[in-house]
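Here are some friendly notes to read alongside the model. Keep the viewer open and look up each residue as you go.

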Amino acid sequence: MGLLVLALIAAFVGPYPLSPADALRATLDRVSGEVPPHGSTLDTVLFFVRLPRIAAAMLVGGALAAAGAAYQGLFRNPLVSPDILGVSGGAGLGAVLGIFLSLPVVGIQLLAFLVGLGTVGLVLLIAASVRGREPVLVLVLAGVVVGALAGSAISLLKVLADPYDQLPAITFWLLGSLAAIKLEDLTATVPIAALGLVPLALLRWRVNVLSLGDEEAQALGINAVRLRIVVIAAATLMTASVVAIAGIIGWVGLIMPHMARMIVGPNFDRLLPAAMILGAGYLLLVDTLARTIAAVETPIGILTAFVGAPVFLWLLARGRHGWA
Amino acid sequence: MRRLACGLAVFLALVQPAGAERMVTDSASREVAVPDRIERVFAAGPPAAVLLYVLAPDRMIGWPRPPRPEELPYIAPEYRELPEVGWLTGRGDTVNLEVLLQARPDLIFDFGSVRDTYVSLAERVQAQTGIPYILIDGTFANTPDAVRLLGEVLGVEERAERIAAYVEATFAEIDATLAKVPQDRRPRVYLARGPSGLETGLQGSINTEIIERVGGVNVAADPSGARRGIAQVPIEQIVLWNPDTVITWEPDFYEAVWKDFYWQGVDAVAAGRVYLSPTAPFGWIDRPPSLNRLIGLEWLAGLFYPDQVNQDLREVTRSFYDLFYHVDLTDAELDRLLQWAKGRAP
């Protein structure tokens with residue numbers, strides 16, 4: 001598919017000089033088991049820096065787009081992104097707290113992941129304890145409020161942080177970046193993201209039904225409440241795990257499902273894989289840009305915003321045509 | 001609130017005996033009237049606080065941010081418990097003007113940028129509170145003059161002259177050393193910041209000023225020259241730059257880098273030339289970017305040019321801390337301070 005071609009091209013793009021011939025030789029070396037003892041620098045760059053980064057871009061893009069597609073179906077609203085229940089805000093808070101406490105990188109990532117999950121858990125708890133006839137609305141409102149709380153806490157930590165070393169680190173983290181991704185990050189994140197993806201993939205038809213509305217879903221024998229919780233949990237796992245390693249990268253989860261919907265229609269069966277592929281490709285493209293557009297790396301969150309915001313406005317201008 | 005502050009200022013001005021005043025000219029060429037005898041000084045931020053602590057610690061009202069527990073032993077006992085008073089300008093503006101007035105400073109000063117923004121801030125605070133506010137140019141090369149200026153304002157000319165002379169002598173020594181070292185023999189240095197060491201200061205930034213002043217070639221350069229501050233770089237780029245020396249002040253990063261697979265390809269790590277800068281009571285390279293960087297200058301000169309500079313780091317540190325920071329360091333404290341300042345065997 002086009003994605004593989006894109007990945008292949010991206011492998012040769014970057015500051016370190018790497019030609020296709022070099023790469024071929026390096027691959028053959030590795031496959032035949034003849035890797036020089038500590039790995040030549042080329043070997044290290046290709047297999048341990050570039051390829052993981054490409055894989056990470058695809059993983060993050062795909063996961064965010066999948067979560068976005070699921071949420072848009074769940075909330076029956078095209079303006080919904082994976083952040084709506086506060087997972088990004090929570091993960092951001094966890095990471096900022098980690099930086100503030102001077103934890104090592106692993107600690108920061110873990111804290112981001114856990115607080116992200118915890119935030120959504122809190123939102124679900126709040127929604128469950130409020131009785132009303134609009135469960136989805138309550139969920140969204142709770143998500144917005146808790147997300148705002150997390151945002152305030154982040155701001156507070158920014159004020160308390162040491163402006164000379166912690167604050168720049170916090171700023172860069174919040175802008176999102178794939179520059180610091182290592183192979184170990186991927187090996188930790190892929191299983192978790194997969195764990196979130198599996199239920200989503202298996203429940204594709206039911207999510208479709210859910211987008212018809214609670215009453216219709218109930219009539220077709222689906223427990224809307226339980227299904228909603230499962231979908232939210234799955235999407236949150238995916239989002240929290242990728243935000244923990246890459247920082248806050250916005251717009252992918254919002255825009256990519258729309259693009260996918262324009263191509264394959266709103267049927268979640270086909271929407272999910274389409275959104276994932278588009279999301280993976282998009283983020284790969286943007287990350288390659290981030291690496292090459294200037295001599296010094298540009299945080300990826302900036303670029304996704306620059307591209308995402310105009311597209312979003314365009315979508316708004318089009319109205320709700322194309323949805324449903 | 002504003003009225004209250006103004007009213008309070010007027011009241012204070014009326015109530016205080018009309019003390020003798022004199023005019024001083026600050027680094028931004030502003031003429032400011034200051035009292036003859038200045039007892040209480042508010043330092044507007046950490047760089048100013050360092051300068052004040054070095055020159056005239058008895059005039060300090062408090063610290064902009066409280067010293068951390070590990071920094072306390074390196075501050076003279078009388079000043080360890082000073083209250084936290086917040087910052088007035090630059091990054092991290094946290095002071096409340098009423099709190100400022102309550103502290104009744106005779107003078108506010110800032111040590112750093114003298115650009116228009118800061119001038120207008122100084123004018124505003126001065127007009128609002130009636131407290132004289134002077135700006136001192138914090139450019140590193142200007143340090144001796146800055147010290148003399150503050151010394152003149154506070155009436156501690158003798159001490160100021162001593163400090164300024166030390167700074168000038170250090171600069172002269174460094175320049176003499178550099179004259180003997182050709183450009184291609186100078187070390188290529190990378191400053192590793194942040195928990196993973198992937199944040200750095202670009203060439204020409206204030207964060208790497210010391211490294212460049214001592215002749216180190218900062219590998220992190222933006223060829224187009226457009227960006228000068230802090231930037232994030234991927235490990236790939238660092239491997240490409242291949243610095244022969246890495247400096248950091250993050251203990252976690254320092255521990256991890258030796259075992260980190262990705263950093264093994266970097267010359268500095270292979271040769272054991274990764275150095276952990278001390279940070280107590282103030283950073284030696286940065287944090288804050290003030291007078292405290294002078295000892296960093298001496299340390300790096302010894303590190304980069306061991307052939308030309310014959311230096312006993314312990315003695316240099318001990319006398320510096322005595323002269324500047326008013327502390328007499330014990331051997332144990334010195335050991336802890338300089339623990340990884342000389343690197344580790346590969």
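**Notes on the two chains**

1. Start with the two domains of chain B: the C-alpha centres of domain 1 and domain 2 of chain B lie 30 Å apart. Domain 1 covers 2–167 and domain 2 covers 182–337, with bounds that come from an automatic or database domain assignment. Please keep in mind that this is a predicted model, in which local features need pLDDT of at least 70, side-chain atom pairs count only at pLDDT 80 or more, and totals for chains, interfaces and linings use all residues. Residues are numbered from 1 along each chain as its sequence is written, while chains are lettered from A and ligands numbered from 1 in the order in which they are written.

2. How many residues of domain 1 of chain B are in contact with domain 2 of chain B? There are 19 of them, and they meet 18 residues of domain 2; two residues are in contact if their C-beta atoms, placed from the backbone, lie within 7 Å. On the domain 1 side, the elements that give two or more residues are helix 2 (46–55) and helix 6 (157–180) of chain B. Helices (H or I, at least four residues) and strands (E, at least two) are DSSP runs, numbered from the N terminus. Helix 2 of chain B has the largest share of that side, five residues. By type, the domain 1 side divides into 15 nonpolar, two polar and two charged residues. Here Ala, Val, Leu, Ile, Met, Phe, Trp, Tyr, Cys and Pro count as nonpolar, Asp, Glu, Lys and Arg as charged, and the others, Gly among them, as polar.

3. Stay with helix 2 of chain B for a moment. Of its 10 residues, 10 are buried, so this helix is largely enclosed by the rest of the structure. A residue is buried if 20 or more other C-beta atoms lie within 10 Å of its own, exposed if 12 or fewer, and partly exposed in between, with C-beta atoms placed from the backbone. The buried residues of helix 2 of chain B pack against strand 3 (41–43), strand 4 (107–112), helix 5 (143–154), helix 6 and helix 12 (313–325) of chain B.

4. Which residues touch the most other members of the largest nonpolar core? They are A66(A), A275(A), F109(B) and L150(B), in a core of 178 residues. A nonpolar core is a set of buried Ala, Val, Leu, Ile, Met, Phe, Trp, Tyr and Cys residues joined through C-beta atoms within 7 Å. Helix 3 of chain A gives the most to this core, with 16 residues. Domain 1 and domain 2 of chain B both give residues to this core, so it lies between them. As for F109(B), its contacts include V41(B), A48(B), I134(B) and L150(B), leaving out residues up to four places away in sequence.

5. Now look at chain A by itself. Its secondary structure comes to 14 helices and zero strands. Of its 324 residues, 47% count as buried. Among contacts in chain A between residues at least 6 apart in sequence, 75% join residues at least 24 apart.

6. Where does chain A meet chain B? In total, 30 residues of chain A are in contact with 33 residues of chain B. The elements that give two or more residues to the chain A side are helix 3 (41–74), helix 5 (105–129) and helix 7 (166–175) of chain A. Helix 3 of chain A gives the most, with six residues. The chain A side divides into 21 nonpolar, five polar and four charged residues.

7. Y71(A) counts as buried because 26 C-beta neighbours lie inside 10 Å. Leaving out residues up to four places away in sequence, Y71(A) touches V80(A), P82(A), I84(A) and A235(A).

8. Helix 8 (residues 183–202) of chain A bends by about 25° at T189(A), and a proline, P191(A), follows within four residues. The bend at a residue is the angle between axes fitted to the seven residues ending there and the seven starting there. The buried residues of helix 8 of chain A include D185(A), T189(A) and L200(A).

9. Finally, find V246(B) in strand 10 (residues 245–248) of chain B. V246(B) is buried, with 26 other C-beta atoms within 10 Å. V246(B) and Y190(B) are 56 residues apart in sequence, yet their C-alpha atoms are 4.8 Å apart in space.
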